[in-house]
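Here is a short briefing on one protein model.

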Amino acid sequence: MIKTVDTEIGGRTIAFETGKMAKQASGSVVVSSGDIRVLVTVVAESESKDLGFLPLTIEYQERMYAAGRIPGSYFRREIGRPSEKEVLTCRMIDRPLRPLFPAGYSSETQLIATVFSADQEFDPDVLAMNGASAALMLSDIPFAGPVAAARVGYIDGQYVLNPSKSQLEKSQISLVVAGTRTAVVMVEGRAGEMNEDFVLEAIFFAHAGIQPLIDLQLQLQQEAGKAKRVVVAPTVNTTLKAKVEAVAASGMEEVVTIADKMARSSRYSQLKSEVLALIDPAMFEAPGQVTELLSGYKKQVMRDRIVSKGLRLDGRSFEEVRPITCEVGILPRAHGSALFTRGETQALVIGTLGSERDEQHLEGLGGDVYRRFMLHYNFPPFCVGEVRRLSGPSRRDIGHGTLARRGIEAVLPAGDIFPYTLRVVSEVLESNGSSSMATVCGASLALMDAGVPVKAPVSGIAMGLIKEGEKVVVLTDILGDEDHLGDMDFKVVGTRDGITSLQMDIKIDGVDREIMAQALAQAKNGRIHILEIMEAAIGSPRAVVSEHAPKYVTIKIHPDKIRDIIGPGGKIIREMTTEFESKIDVDDDGTIKIFSNNCEQANALIKRIQQITAVPEVGKIYEGEVRTIKDFGAFVQIFPGTDGMVHISELANERVKNVTDVVKEGDIIKVKVIDVDSRGRIRLSRKAALAEGEE
């Protein structure tokens, strides 16, 4: 039976339909708004798997036919690897859903969102997020939803729910907020240097705006939902648990007081061996039972130590930032480089300047996009002391790089002021929490070291949360274990004046306004503290770009001369690029941008371009090369690609019988332009040039 429900959000109708498509899935729904159609399905295996984690897979697919386009790839089909946009949307769907599955649920579950129809004005990602929750609500899969999501902008002094793409171009913020009925569960986006109060208002404006979508999902579930599976909560062997905690008590107290990450990890591994050796094997079926209980005990001891005793793993206060060192200019050939170290987290960040032709070209449902600033994040296995096969960037790598890019973009100079394409690469060398925020700080330093005139330095900090009943502790600059064993990872990026990007993930059922306000206030203090240390390393961008960076020169020619610069099939511009070892970008208005590592080469290239595009003036004398001899005269090249004819009668004052009696091919002679006809043909005179020279 087909069921459809709808509501209005931000002036647009959003509808959920089920029972028409993909009926063999555990749950399926088509979400529509205007011309957008997104099918979201979820399927779960009937058998549970004891994997120790929730085997949930989220996929988001954009089909190019949805926008009436044929893919530009060689095979003219969507490539197997998801695009950056698809990866980021997968992460946005995953993060608010994952904490809401019950303990003990371990059936392999796959959720797929496919965009079947798309317009050019509204992004389907938020509809996919809402459809994901609706599909789970309709299915038999246990899920403590619903969750709803919306994007919020700020235009002409007003918050706007689910703005269009053209509206977002004018918006000072673009935040995606997901929440349940009572709390916010995820935030991600850019904030345009807005202050903490402004950002907080935006988040809870969106939270209020998504409530009709929560009502809609509950209505749809009531009318068409399936009965939920019964999940048996995992039973705990209380006798074994008590024995593990008794045996491990003294050792665990030692573990949680070791500040050094590797030393703490080593001691914990040793403790596992000690506990297994001291417990009678008859008390457990497999060693995994003991290690799982020990892990839970570690989490309990660490959290209790923070909440009850006010002690963190490394002895810091709740609002204290780890020791920081900053160095710039450490790579001799890089255009800009920085080494940022915060505690046991370290990032080597490199900035590279390029020309317009180095821009990244992205193909998507909204059309082609050209990105002049790229930030790439690499997390090699050695940074956490592991051995792992190297492969391409993971979804985490892409997500962290995007968060950092959004935070830096807000302070970059406009292209007409600083026309370079910019690429920043962060190589994480050590990690013990907040490597993405170290990337932000290192990127800001590297760009200033490269001479990029950024508006202001940018720093980032990650906030954590420990919530035990009514007791709440917000932690500044969290360690890896505080992230892993805590309840929140709230990354905040910004300048002294405000927030430029943020991302919040939680592991509980949500955070309220009071907790979020406290986290933002602590993040501001930590952010400014880090900026002060960064400014001691480099207070402002260098006055000039690196000597190894390409030099930028611009000249203007008449648009009609562009074809002369390009040449047939691009022949001329390719030859000049090779000869002068430079990059040449030509705009339709006749602006030519030259990027060269050598000033002399750049000047020589400019001279060549001026010669090619020069317009011969009647009455002016030029020096040229005799290129071709004919019976009736000689053709002389006065500019590269521009020839004129000297008639035999204009070669000398006396009568000339044979052209070769006066000039030969390859001779350099002076000639005077005596006429340019309507077809652009140039008449030259050597005789007139000689006469003028004598005068």
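Asp-675 has Arg-683, in strand 29, as its bridge partner. This is a predicted model: local features need pLDDT of at least 70, side-chain atom pairs count only at pLDDT 80 or more, and totals for chains, interfaces and linings use all residues. Residues are numbered from 1 along each chain as its sequence is written, and side-chain values use heavy atoms, with hydrogens and water left out.

- Strand 28 (residues 668-676) pairs with strand 25 (residues 621-630) in the antiparallel sense, over 5 bridges. Strands are DSSP runs of E with at least two residues, helices are runs of H or I with at least four, and both are numbered from the N terminus.
- Tyr-622 has Val-671 of strand 28 as its bridge partner. Two strands pair if DSSP finds at least two bridges between them.
- Strand 28 also pairs with strand 29 (residues 682-685), again antiparallel, over 4 bridges.
- Strands 28 and 29 form a hairpin with 5 residues between them. Gly-680 sits in the turn and has a positive phi of about 85°.

**Helix 12**

- Helix 12 (residues 513-537) has 25 residues and should span 36 Å at 1.5 Å a residue; its end C-alpha atoms are 36 Å apart, which agrees. The expected span is 1.5 Å times one less than the number of residues.
- Asp-512 caps the N-terminal end: a side-chain oxygen lies 3.3 Å from the backbone nitrogen of Glu-514.
- Buried residues of helix 12 include Met-516, Leu-520, Ala-523, Arg-527 and Ile-530. Buried means under 20% relative accessible area, exposed over 50%, and partly exposed in between (1.4 Å probe, protein chains only).

**Nonpolar cores**

- The largest nonpolar core has 159 residues; Ile-203, Phe-490 and Met-516 touch the most other members. Such a core is a set of buried Ala, Val, Leu, Ile, Met, Phe, Trp, Tyr and Cys residues joined through side-chain atoms within 4.5 Å.
- Helix 2 (residues 125-138) gives the most to this core, with 10 residues.
- Beyond its neighbours within four places in sequence, Ile-203 is in contact (heavy atoms within 4.5 Å) with residues including Leu-175, Val-184, Leu-502 and Met-516.
- A second, separate core has 19 residues, among them Ala-614, Val-646, Val-663 and Ile-682.

**Cysteines**

- The structure holds 0 disulfides, counted as pairs of cysteine sulfur atoms within 2.5 Å.
- The cysteine sulfur closest to that of Cys-326 is in Cys-441, 7.3 Å away, so it is too far for a bond.
- Cys-326 counts as buried, at 16% relative accessibility. Cys-90 also counts as buried, at 1%.

Terms used
A polar contact is a pair of N or O atoms within 3.5 Å; within protein, one must be able to donate a hydrogen and the other to accept it, and residues adjacent in sequence count only if both atoms are side-chain atoms.
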